[in-house]
Amino acid sequence: MGVRTTAARATAALGVAVLLASCSSGGDKGNEQPSGALEGRGEVTFATGKDTSGNMQKLVDEWNASHANEQVRIIELPESADAQRQQMVQNAQVKSDAYTILNLDVVWTAEFAANRWVVELPADQFELDKFLQPAVKTAQYRDKLYAAPVYSDGGLLYYRKDLLDAAGVKPPKTWAELTSACQAVKAAQPAIGCYAGQFEKYEGLTVNFDEAVHSAGGDVVDSTGKPVVDSPEAKAGLDSLVTGFQQGIIPEKAITYKEEEGRRAFQAGELLFHRQWPYQWNLAGKTDGSSQVAGKFDVAPLPGLNGPGSSTLGGHNFAISAFGKNKATALDFIKFFTSESSQRSNLLATSQAPTLASLYDDAELIKQFPYLPTLKESILSAKPRPQAVRYGDVTQAIQEAAYAALTGEKTSDVALKDLQAKLQELLK
């Protein structure tokens, strides 16, 4: 059964659940409390974003081959992270059992745990000391484990090595160097776009905004969670993106880019530089004709205002829905997916960042993925997005402010002042 068919059936089931909930007397959702017990074995569903590599299905098939009575069925959600979160939240709010295992963005853990939409996991059944500790922290809420770190992520600067070499230019460490490198390359390649990231109004924009702010020495919130985004440093970071659009360093159409739109543009040879996650490495390197830049690119740390920049900590954690059935099977599947063999398989097939620290130091893997040491440092030094129970409202506020500045609807000063006020209200 194809994932699209599965997704359609799950959406229909969720719609029925929403209807039933809305038809209950007075809108009461009932007094039933979610079960935290990790009990029950049998078929489970796995709600996740688009599987661009096919390896997720491969690992599911591997599990299913040896678990005839505990089959896992993928439910593929929309490509956009915001749309994925919306469907998961809707599923939880009506206490639907349509989803058992949830593939959560790392910044959703606090929200889902605080609302008791996911259950606590037994920390002693995961060797957490072997995982990258920033990844482990994203899976915890109030020092308890509510998810398992499966994929980590750090932003990287993909660049056309062939074009930089031809122009006699080194990979840039600052925004000024990136602009200069672009000008040098465009002398011989006038049609190529200089730089793109993720600038559509969705979670990717929150990530890119945070990176710009942090890479200029600013913060969105301080160590206590207090908003501090209305600062000269934050303005300098946001202005680097605003000026990029104004001067054409960032192509106009990049305002519509999410991860996949930018990846396709980079693979088509339309971009010199691209801020992207590690998963792009394998896809852009394919020699089957799907990429025009295979063998012509490399990666470097993200640039900053006065030196190398800071990545936003990304990644995904697997959690168990409080309303899902067969939680014991779900727990075993998560342990299977976080195992060394599964993470190695996933890295080899997708180039996604693993969460087990040992894989970054594996000599054979480094031969195939020479960026692994750089990526490890990127993750260990990455800055988290604001952690908040009302994260959905927080990220929406950031996206609206950043998008307004990038499109010229507001100046950077006004956008940041408005964002500061909104975050103060949300993070009281």
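Me: Which residues does Ser 311 touch, not counting residues up to four places away in sequence?
Reply: Contact means heavy atoms within 4.5 Å, and Ser 311 touches Gly 154, Gly 155, Glu 211, Leu 302, Ser 378, Ala 382 and Lys 383. This is a predicted model, in which local features need pLDDT of at least 70 and side-chain atom pairs count only at pLDDT 80 or more, while totals for chains, interfaces and linings use all residues. Residues are numbered from 1 along each chain as its sequence is written, and side-chain values use heavy atoms, with hydrogens and water left out.

Me: Is Ser 311 buried or exposed?
Reply: Buried means under 20% relative accessible area, exposed over 50%, and partly exposed in between, with a 1.4 Å probe and protein chains only; Ser 311 counts as buried because its relative accessibility is 6%.

Me: What are the relative accessibilities of Cys 182 and Cys 194?
Reply: Cys 182 has 5% and therefore counts as buried, and Cys 194, with a relative accessible area of 2%, is buried as well.

Me: How many disulfides does the count give?
Reply: A disulfide is a pair of cysteine sulfur atoms within 2.5 Å, and by this rule the count is zero.

Me: By class, which residues make up the lining of the largest cavity?
Reply: Where Ala, Val, Leu, Ile, Met, Phe, Trp, Tyr, Cys and Pro count as nonpolar, Asp, Glu, Lys and Arg as charged, and the others, Gly among them, as polar, the lining has six nonpolar, three polar and two charged residues.
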